[in-house]
Structures are given as structure tokens and as C-alpha cells.
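Dear colleague,

Please find the structure handed over below, for you to open alongside this message. My notes on what was found in it come directly after.

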2 protein chains.
Amino acid sequence: MTVIFSKKCELGLQAVLFLSAQDKDSLWNSQDISENLNVPKEFVSKVLQTLTASGIVGSKKGKAGGFFLNRAPKDIRLIEIVSAIDGLDMFENCVLGFRGCSVEKPCPVHDQWGKLRADAYEMLSQQNLEDLKEKTITKINDLIRRR
Amino acid sequence: MTVIFSKKCELGLQAVLFLSAQDKDSLWNSQDISENLNVPKEFVSKVLQTLTASGIVGSKKGKAGGFFLNRAPKDIRLIEIVSAIDGLDMFENCVLGFRGCSVEKPCPVHDQWGKLRADAYEMLSQQNLEDLKEKTITKINDLIRRR
DNA sequence: TTAAAATAAGACATATTTGTCTCTTTTACA
DNA sequence: TGTAAAAGAGACAAATATGTCTTATTTTAA
């Protein structure tokens with residue numbers, strides 16, 4: 001096993017990207033999203049509840065309710081979804097699992113890993129959903145096609 | 001949760017680094033290693049059994065037995081330990097968990113993630129344990145000091 | 001005002017990972 | 001040659017992650 005993001009987080013990222021590829025202010029229920037992303041409806045609900053609680057996604061209850069992006073795609077970065085679901089531990093802990101790994105007491109790959117980790121953080125922080133929109137639409141359309 | 005390597009793999013990497021920092025051909029039993037790395041003896045046995053099976057580590061049964069590096073530190077790379085324990089999936093699967101992510105059907109961060117992933121693979125493949133030896137010794141000594 | 005359709009919340013079930021224990025086999029050495 | 005100390009193997013237990021279900025609440029619209 002090796003994981004970058006948990007399944008929950010992967011789904012959260014996919015769902016938010018999915019919403020960002022739709023018309024502004026359009027509303028999607030968990031059923032719709034689950035069919036498009038090909039994952040269980042209940043799992044979608046669960047994950048989007050987390051993202052609703054952290055303010056990235058908005059929700060509307062009741063008939064004709066659903067989920068929507070709570071902010072403009074331009075103001076949302078992937079790192080926020082990661083932070084809300086998995087937390088940012090992976091950007092802090094020693095990759096080799098050594099206790100007390102730090103600048104003063106570095107592990108054998110501390111510097112090199114630190115660089116990679118910073119690059120990864122950068123990648124998830126710099127681009128917003130608007131920047132990714134075109135690629136996202138292409139990918140979502142492909143998913144629907146192969147459903 | 002976010003994980004780069006599993007606990008087993010972290011321990012495997014630590015144990016192999018530990019052995020590489022010791023005198024050539026010296027033999028360490030799981031008790032010794034567990035005390036130095038501050039992890040349960042049984043877990044050390046389990047993980048080193050895996051690495052023994054894959055030929056990276058050697059073992060000697062019976063009284064005064066233990067584990068040792070089966071090859072010269074110069075000929076062992078961290079990626080081998082990762083490959084033996086966690087496998088190389090993380091270097092192949094889509095970071096967002098999309099099905100069918102490929103050059104033809106890339107996810108929105110395919111190229112950028114691919115670059116980072118390649119860099120990480122590079123880092124684990126290029127340096128051998130000999131290259132890391134000095135840093136490893138420093139870190140191991142620090143661990144022992146804080147035990 | 002009522003029925004239907006949606007999220008919210010949390011309990012529950014299953015799968016996987018992590019960690020522990022026991023028994024067997026092997027080996028050194030007294 | 002017998003005993004102690006080690007790895008090997010696999011069963012078992014506990015913790016965590018993943019996935020499902022049920023019930024409550026909210027909202028729309030007939």
C-alpha cells in the first residue's frame with residue numbers, strides 16, 4: 001500500500017472538480033454526482049458533507065436540493081480540499097517515519113524530500129479551479145463517455 | 001489520513017538504513033534493531049522477513065543469529081525497499097484517483113503530478129545507501145541518544 | 001397541508017492495515 | 001548432545017479506513 005490521498009480525499013477532489021466544470025450556480029445532488037464519477041451515492045454525500053462543513057461546497061436541502069461550489073472557482077485551490085479532508089500532515093512528517101526529523105536533526109533524505117514536498121504543495125496551492133477548468137471539462141466528459 | 005509509505009515500509013527503510021550505518025558484515029537481531037529504532041521487536045521481524053525474502057537483507061537463524069545487508073550498501077537503493085514492501089503503485093496511479101488517467105486522457109493535474117512523481121522516483125533510485133551513509137550515521141546516533 | 005425528494009447525522013458493517021502471539025525450525029555452544 | 005537463542009511462519013487481535021444503512025430534518029410543489 002502506498003497512498004498520496006485517501007479515497008475520501010480523492011473523491012472530494014473529483015467532486016469539487018466536477019462542480020467547477022458545470023454551469024455557475026448549478027446544483028447537483030449526490031445521485032447525479034455519483035453517476036458521473038461512478039462511485040456510491042452515500043460516499044458522495046459523506047464526503048460532500050465534510051466539504052460543506054468547511055465552507056468550500058454549499059448545499060441546499062429538500063426537494064430539488066443538492067450541492068454547489070460555495071465560492072467562485074477562481075478562489076478555490078486543490079490544497080483546500082486536501083486540507084479539509086486529509087489534513088496537511090504529509091507536508092510536515094518525515095517521509096521515512098523518523099521521530100524528530102527536523103533541520104537540526106535531519107533524516108538522510110530530509111533536504112531532498114523537503115524540496116519535493118514543497119513542490120507538491122506549490123502545485124496544489126498555486127492553481128485555482130478556474131485555471132484547471134478546461135482540462136477538467138475534458139476529463140469529466142471522458143468519464144461520462146466511458147460510464 | 002495521508003500516507004506516502006506504509007508503516008511497514010517506513011520501518012523497512014529505517015531498518016535497512018540502520019544496517020547500512022553499522023560495520024560491514026555485522027549482525028543484528030530484531031531485539032537490537034527494535035531498541036535502536038524504538039519499535040516493537042515483532043514488527044521488526046515481520047518487516048525484515050519480507051526484505052529477506054526479496055534478497056535485500058540476509059538472515060542467520062539460531063543462537064547469535066540476526067539480520068544483515070545481503071549486498072554492499074553501494075548496490076542498494078531506497079526504491080528497492082519501497083518496491084519490495086509497498087510496491088510501485090503510487091508511481092503509476094492517478095493522484096486524483098481518476099480511472100483511465102493517461103497521456104491520452106489526462107486528469108487536470110496529470111502533467112504536473114507526473115513531473116513530481118518522476119522526481120520522487122529519481123530521488124529514491126539515484127542515491128545508494130553508501131551515498132547516504134554519513135547522514136544516516138548522524139541520524140541513527142541521534143535516535144540512540146534520545147532513546 | 002401533505003407527499004416526495006433532498007441533505008444531515010450518526011450508527012453500523014466490512015475491509016485493510018497494523019501490531020502481537022505462539023509454535024516451529026535452526027544453530028551455536030556449553 | 002542438550003539447551004538457549006535466534007529467525008520463520010502463520011494465526012490472531014486491535015485499530016483504522018472504507019463503505020452502507022437508517023432515521024431525522026428540511027424544502028418544494030402539487
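Predicted model: local features only at pLDDT ≥ 70, side-chain atom pairs only at ≥ 80, totals over all residues.

Asn38(A) sits in the loop that joins α2 (30-37) to α3 (41-53) of chain A, and its phi is positive, at about 60°, although the residue is not a glycine. Most residues other than glycine have a negative phi. In chain B, Asn38(B) likewise has a positive phi of about 60° without being a glycine, and it lies in the loop between α2 (30-37) and α3 (41-53) of chain B. Because 12 other C-beta atoms lie within 10 Å of it, Asn38(B) is exposed.

The helix that Asn38(B) follows, α2(B), has Ser30(B), Ile33(B) and Leu37(B) as buried residues. Seen down the axis of α2(B), its buried residues fall within an arc of 65°, and they therefore line one face of the helix. As for what that face meets, the buried residues of α2(B) pack against α1 (7-20), α3 and α6 (129-145) of chain B.

Which residues touch the most other members of the largest nonpolar core? That core has 82 residues, and the ones in question are Ala15(A), Val16(A) and Ile81(A), together with Ala15(B), Val16(B) and Ile81(B). For Ala15(A), once its neighbours within four places in sequence are left aside, the contacts are Ile33(A), Leu37(A), Val44(A), Val47(A) and Leu48(A).

Turning to how the two chains meet, 35 residues of chain A are in contact with 36 residues of chain B. On the side of chain A that touches chain B, the helices α1 (7-20), α5 (110-126) and α6 (129-145) of chain A each supply at least two residues, and the residues of that side divide into 17 nonpolar, eight polar and 10 charged.

How are the copies related to one another? Chain A can be laid on chain B with an RMSD of 0.0 Å by a turn of 180° and a shift of 0.0 Å along the axis. The two copies are thus related as by a two-fold rotation axis. The same surface serves both copies, in that 100% of the contact residues of chain A recur in chain B.

There is also a strand pair to look at in chain B, where β1 (residues 57-60) and β2 (residues 66-69) pair in the antiparallel sense over four bridges. Within this pairing, Gly58(B) stands opposite Phe68(B) in β2(B). The two strands, β1(B) and β2(B), form a hairpin with five residues between them, and Gly62(B), in the turn, has a positive phi of about 80°.

Asp142(B) is partly exposed, because 18 other C-beta atoms lie within 10 Å of it. From C-alpha to C-alpha, Asp142(B) and Cys9(B) are 21 Å apart in space, while 133 residues separate them in sequence.

With best regards

How values were computed
Residues numbered from 1 in each chain as written. Chains lettered and ligands numbered in written order. Contact = placed C-beta atoms within 7 Å. Nonpolar A, V, L, I, M, F, W, Y, C, P; charged D, E, K, R; others polar. Pairing = 2+ DSSP bridges. Least-squares fit on C-alpha atoms with pLDDT ≥ 70 in both. Core = buried A, V, L, I, M, F, W, Y, C linked by C-beta atoms within 7 Å. Buried ≥ 20, exposed ≤ 12 C-beta atoms within 10 Å, placed from the backbone. Arc of directions from axis to C-beta.
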